[in-house]
Every structure is written in C-alpha cells, then in structure tokens.
Amino acid sequence: MKLALAGCGPLVLMLMSTVLTSTGAAPVPTPLETLLGGRGCHVAQFKSLSPQEMKAFRRAKHALEESLLLRHQSCSSHPFPRSWDLRQLQVWERPVALEAELALTQRVLGAVANSTLGDVLDQPLLTLRHIHSKLQACVPAESTAGPRPRGRLHQWLHRLQEAEKKESRGCLEASVTSNLFRLLARDLKCVADGDLCV
C-alpha cells in the first residue's frame, strides 16, 4: 500500500499545483494588455525607469523644492493624500486613475517649465509625455464615453479636478512635487504589474 501511494506522489503534486493555479491560490501573472482586451496597451516597460531618467527627476524635484521654499504656501487640501493607493482599485480602473494623475502632473510641471525651470524640467516632461501616450491605450473606452466612474475611482478623479480648479498654482506645484516619486516608483509600477499588484 505504501509503495502504491509513494508512486502517486508526483501525480498528487501535479494535481495540487493545477488546482491552486486554477483557483487563484497561486499567482499567475496576467499582462495588463490581456486584461484590457489587448488594445495595444504596453506599459510593462515602465516597471522601472532608467538611472538617467530617475536622475533627471531627482534634479527636477530638488529644483522645484528649492523654488517652493522661497514662497510660503498655505494649502487647504492635498490632491494626492497618503491614503491614495492604486491597489485599492480594480485592475482596469488603475490606468484611469494613473492617467488622471499623470495629466495633472504634466500640466502643472509644464506651466512651471514655461516660466522658470524649463532647462531642468524639459527631460522629465518628455518622459512623462511618453509614458502618458503609452498609458492612454490602457484606459478603457468607457472612462471617456459611457458610464461614469463610480466609487473610489470617481472620488479620486473628482478630487483631482476640484484641486485644479480651486488650489493656487503654488499649492498644486507643492502637491505634484511631493507626489512625483510615488507616481514614478509605486503607481506606475503597480499599473505595469497588472494583477500582480496586490
């Protein structure tokens, strides 16, 4: 009897592995482009930026922080609260939130570049525009036409829209600057990781 069971060992292991995989107990990576219907969504390349790109962003963040220190801002709200975490959204909602985050960041930094820090912000803005252009293929069509976003996603998008309307330019700069590396290192990576971001 023991010999018969011993011979079944590899079969049992294979069956267990199949059951775990099919029930979701074992992580099986699903590319975001597959989850979104393969509409040309290719963001896996942005799981990590190059050292040169990160250096340009660090330089830009330092210059922005120095510029903000010269102006004492009193800001009533923060568009990107600490509780902002893309893992709280469904996988298909995450590119929508990140797209809005990127769009606001680009507009705010673009305004600064046009006025004072163009030489420092040019390269980071080029990188952000490139990421944004690739990300747009990952945003479900329903987010721009059809049913409006609901729940947490709706709250986040509304918060960003309201901040842009109500906050001063200096407060928006401060919020975007403090959120910059969370956007690059956490939010962007989470979207690129697809359903493995948990």
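Close-up 1. From α5, Val96, Ala97, Ala100, Glu101, Leu104 and Arg107 meet Leu153, Trp156, Leu157, Leu160 and Glu164 of α6. Contact means heavy atoms within 4.5 Å. This α5–α6 contact comprises eight nonpolar, no polar and three charged residues. Nonpolar covers Ala, Val, Leu, Ile, Met, Phe, Trp, Tyr, Cys and Pro; charged covers Asp, Glu, Lys and Arg; the others, Gly among them, are polar. The axes of α5 (residues 94-135) and α6 (residues 151-166) come within 10 Å and cross at roughly 10 degrees. That makes the two helices roughly parallel. Helices are DSSP runs (H or I, at least four residues), numbered from the N terminus. Axes are lines fitted to C-alpha atoms over the stretch in contact, with angles from 0 to 180 degrees between N-to-C directions.

**Close-up 2. Crossing of α5 and α7.** Helix α7 spans residues 169-193. Its axis and that of α5 come within 12 Å and cross at roughly 130 degrees. α5 is therefore oblique to α7. Angles under 35 degrees count as roughly parallel, over 145 as roughly antiparallel, 65 to 115 as roughly perpendicular and the rest as oblique. The α5–α7 contact holds 17 nonpolar, three polar and five charged residues.

**Close-up 3. The disulfide of cysteine 41 and cysteine 138.** The structure holds three disulfides (cysteine sulfur atoms within 2.5 Å). In this one, the S to S distance is 2.0 Å. The torsion about its S-S bond is about 95 degrees, so the disulfide is right-handed. The pair links distant parts of the chain, 97 residues apart. Cysteine 41 lies in the loop between α3 (32-35) and α4 (51-69), cysteine 138 in the loop between α5 and α6.

**Notes.** Residues are numbered from 1 along each chain as its sequence is written, and side-chain values use heavy atoms, without hydrogens and water. In this predicted model, local features need pLDDT of at least 70 and side-chain atom pairs count only at pLDDT 80 or more, while totals for chains, interfaces and linings use all residues.
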